[in-house]
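Subject: Structure for your review

Dear colleague,

Please find below the structure that I am handing over to you.

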Amino acid sequence: MADFLSIQDVTRTFTRDAFVMHPHEKRCKVFHTHASGQRFLDVHALTNEHVWIAAPVNSLKFLLTHYARVRDAATTACVMLPSDAMQHHAWLKILLQSWQKIKTFPAGYPLLVRATGMPRLALPFSVDIMYDPPK
């Protein structure tokens, strides 16, 4: 959780978690999980929100395209993705062209502890945190 909070220190407090596999993994009061039927893709407007997006790369195209379509000028977001993802996915580089890299976590780093405070398994690859500032 400390790493999540450190990202907020650089940006602002997150208001919405766009992709959660299970409700106990949520990082924000407002969260979206396919299992609950409350999908991020069903949101029609994002007004002055700060959105956290941590999803498998194959889901990012839909999430980021939707985010860009429904955000207002004051809405911001951070996305967590493998550091080499933009080299392997041209569409991702296009979608994130105006975003700023604000943090990199190295491979093996125990990133984002569970809500219980216990660390998750460390990722086998480095990840970048990209930030979309207000427009």
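This is a predicted model: local features need pLDDT of at least 70, side-chain atom pairs count only at pLDDT 80 or more; totals for chains, interfaces and linings use all residues.

I begin with strand β3, which covers residues 50-54. Five of its five residues are buried. In a regular strand, side chains alternate between the two faces of the sheet. In β3, H50, W52 and A54 lie on one side, while V51 and I53 lie on the other, and both faces are covered.

Strand β3 has two partners to consider here. Strand β1 (residues 16-17) runs parallel to β3 and is joined to it by two bridges; in this pairing, D17 stands opposite W52. Strand β4 (residues 76-82) also pairs with β3 in the parallel sense, over five bridges, and T76 in β4 is the bridge partner of H50. Between β3 and β4 the chain passes through helix α2 (residues 57-70), and this β-α-β crossover is right-handed.

Turning to the aromatic rings, the count comes to three aromatic pairs. One of them joins Y67 and W99 in an edge-to-face arrangement, with 5.8 Å centre to centre and 65 degrees between the planes. Y67 belongs to helix α2, whereas W99 sits in the loop between α4 and β5, 32 residues apart. Both Y67 and W99 are buried.

Another pair, F105 and Y109, is tilted, at 5.2 Å centre to centre and 35 degrees between the planes. F105 counts as buried because its relative accessible area is 4%, whereas Y109, at 30%, is partly exposed.

Yours sincerely

Terms used. Residues are numbered from 1 along each chain as its sequence is written. Side-chain values use heavy atoms; hydrogens and water are left out. Buried means under 20% relative accessible area, exposed over 50%, partly exposed in between (1.4 Å probe, protein chains only). Helices (H or I, at least four residues) and strands (E, at least two) are DSSP runs, numbered from the N terminus. Two strands pair if DSSP finds at least two bridges between them. A crossover is right-handed if, with the strands pointing away from the viewer, the path from the first strand over the helix to the second runs clockwise. Rings of Phe, Tyr and Trp (its six-membered ring) pair if their centres lie within 6.5 Å; planes under 30 degrees apart count as stacked, over 60 as edge-to-face and the rest as tilted.
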